[in-house]
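Here is a short briefing for a first look. Start with the sequence and the structure below.

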Amino acid sequence: MPAYENEFSAFPSKLITKHDFRNADDNIAPIINQINSLREKGLYGQAARLIQANKDVLPHYIVDAATFRTWEEEIFNAQKYAKLMQQIVYVEEDEPDCLEGDIWLGR
């Protein structure tokens, strides 16, 4: 059984997380521009406070580290799951590097 990552992803026991990202509009653009301006000036603490103050709306517009980590884990888990679902038959003299469930036919 493969070792799935479970800190940010529940796949394959649950569906992959669907994110509802939106394009920036006139309502959120001033906040995003202010955050970017603060970051450019090196005022990361102020930018962090502004992000915290708007944490109810910003996740729909800005991808954060937790979202990237979720995507990374879900891709990793999906790769492991796909490899297990694909059975391969090897016809080789020496035992190949194969996964559990594969078939090896030696000559």
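Helices here are DSSP runs of H or I with at least four residues, numbered from the N terminus. This is a predicted model, where local features need pLDDT of at least 70, side-chain atom pairs count only at pLDDT 80 or more, and totals for chains, interfaces and linings use all residues. Residues are numbered from 1 along each chain as its sequence is written, and side-chain values use heavy atoms, leaving out hydrogens and water.

**Salt bridges**
- A salt bridge is a side-chain nitrogen of Lys or Arg within 4 Å of a carboxyl oxygen of Asp or Glu.
- By this rule there are three salt bridges.
- Arg69, Glu72 and Glu73 are linked in a network of them.
- Glu72 meets Arg69 at 2.7 Å, N to O.
- These two are three residues apart in helix H3, so about one helical turn separates them.
- Arg69 also meets Glu73, at 3.4 Å, N to O.
- Arg22 pairs with Asp20 at 3.4 Å, N to O.

**Burial**
- Buried means under 20% relative accessible area, exposed over 50%, and partly exposed in between (1.4 Å probe, protein chains only).
- Glu73 is buried at 1%, whereas Glu72 is partly exposed at 46%.
- Ile75 lies in helix H3 (residues 65-85) and is exposed at 54%.

**Nonpolar core**
- A nonpolar core joins buried Ala, Val, Leu, Ile, Met, Phe, Trp, Tyr and Cys residues through side-chain atoms within 4.5 Å.
- The largest one has nine residues, including Ile28, Ile32, Leu50 and Tyr61.
- Helices H1 (29-40) and H2 (44-53) each supply at least two of its residues.
- H1 gives the largest share, four residues.
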